[in-house]
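Please look over the structure below with two topics in mind.

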Protein chains: 2
Amino acid sequence: VATGAEAADIARLLGDFNEEYDEPSPDPEWLAARLREVMATADTAVMLIGAGAIDGLAVMRFRPSLSAPADECYLAELYIRPALRGQGLGRQLLTAAMTYAARRGAHHMDLSTTNEDTAAVALYESLGFDRHERRGPDTTSYYYEIDLPGLA
Amino acid sequence: VATGAEAADIARLLGDFNEEYDEPSPDPEWLAARLREVMATADTAVMLIGAGAIDGLAVMRFRPSLSAPADECYLAELYIRPALRGQGLGRQLLTAAMTYAARRGAHHMDLSTTNEDTAAVALYESLGFDRHERRGPDTTSYYYEIDLPGLA
């Protein structure tokens, strides 16, 4: 589990992630400062995998559950460097993140991915993640998002 | 926007919601206390609709964004009493929730629903929510969840 001292490295890796998926990426220095800020609170934890260099990361956001005296954990990012994929690092990292989240008091984890990322879909489903709202294979849970208008 | 004084009413409505969808529901008194606790922080806001009685509610969870100097808002619940559906209350409530979230400093809202809830899908898509990760209609964003093991 990373500390704020690793925020600059984490910010660079998240920048690579955004670039790979054509997502806009914030300024790395701004992101490092933001990471230091949120990693100092109970609401965010970043887990790293790799020997020496960072090969991948998981970003977890926590919130108090409204259904049990526990937290919920939103897995905001799960990323393995492209050259290192297909070796089970994602599975190893996600399994460790789930254990960490449970030990920290989370009773539930949620995440989103796209149907096009077949490796991610296979990983999540093999670990027991459900996209059917527990209602069986005829249902699909969709993840929706929208940018909210800036208010001048 | 509700205050902690309305927590007991909100807990009852969330209980009705869970019952309708066959979800396990926490003890109403526990939930009311939990709501009071989280509504006193910046991470949770509940918006109500109705004249006198509460006809529906939106539960918003906020977290600092890692992509912009703003918050993200997770719409955890959107619920209108069954007898009052089909009159546009959900649209009115969600539009107000989006405006409220933007004014509070959120630049992004996300939520999940199931393909079986065609009214919800139609509502979200008509308001511009995207389930394609902005990559066009051939993609679908899936929402995955899992219960984490309790640790003795």
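This is a predicted model: local features need pLDDT of at least 70, side-chain atom pairs count only at pLDDT 80 or more; totals for chains, interfaces and linings use all residues.

## The interface between chain A and chain B

The size of an interface is often given as the accessible area lost when the parts come together. Here, chain A and chain B bury about 5,900 Å² between them. Carbon and sulfur atoms account for 55% of that area. On the chain A side, Leu66(A), Tyr142(A) and Tyr144(A) lose the most area to chain B. Together they make up 16% of what that side buries.

How many residues take part? Chain A gives 61 residues to the contact, and chain B gives 61 residues.

## Helix 1 and helix 2 of chain A

Two packed helices are described by the angle between their axes and the distance between the axes. In chain A, helix 1 spans residues 7-20 and helix 2 spans residues 28-39. Their axes lie 8 Å apart, at an angle of about 125°. The crossing of helix 1 of chain A with helix 2 of chain A is right-handed.

Helix 1 of chain A brings Ala7(A), Ala8(A), Ile10(A), Ala11(A) and Leu14(A) to this contact. Helix 2 of chain A brings Pro28(A), Leu31(A), Ala32(A), Leu35(A), Arg36(A) and Met39(A). By class, the contact of helix 1 of chain A with helix 2 of chain A has 10 nonpolar residues, one charged and no polar.

## Helix 3 and helix 4 of chain B

In chain B, helix 3 covers residues 89-103 and helix 4 covers residues 118-126. Their axes come within 11 Å and cross at roughly 45°. Helix 3 of chain B and helix 4 of chain B are therefore oblique to each other. They cross in a right-handed sense.

Which residues meet here? From helix 3 of chain B come Gly90(B), Arg91(B) and Leu94(B). They meet Leu123(B), Tyr124(B) and Ser126(B) of helix 4 of chain B. The residues of this contact divide into three nonpolar, two polar and one charged.

Note on methods:
Residues are numbered from 1 along each chain as its sequence is written. Chains are lettered from A and ligands numbered from 1 in the order in which they are written. Side-chain values use heavy atoms; hydrogens and water are left out. Axes are lines fitted to C-alpha atoms, for helices over the stretch in contact, and angles run from 0 to 180 degrees between N-to-C directions. Helices (H or I, at least four residues) and strands (E, at least two) are DSSP runs, numbered from the N terminus. A crossing is left-handed if the near helix is turned anticlockwise from the far one by less than a right angle, and right-handed if clockwise. Contact means heavy atoms within 4.5 Å. Ala, Val, Leu, Ile, Met, Phe, Trp, Tyr, Cys and Pro count as nonpolar, Asp, Glu, Lys and Arg as charged, and the others, Gly among them, as polar. Buried area is the accessible area (1.4 Å probe) that two parts lose on being put together, summed over both. Angles under 35 degrees count as roughly parallel, over 145 as roughly antiparallel, 65 to 115 as roughly perpendicular and the rest as oblique.
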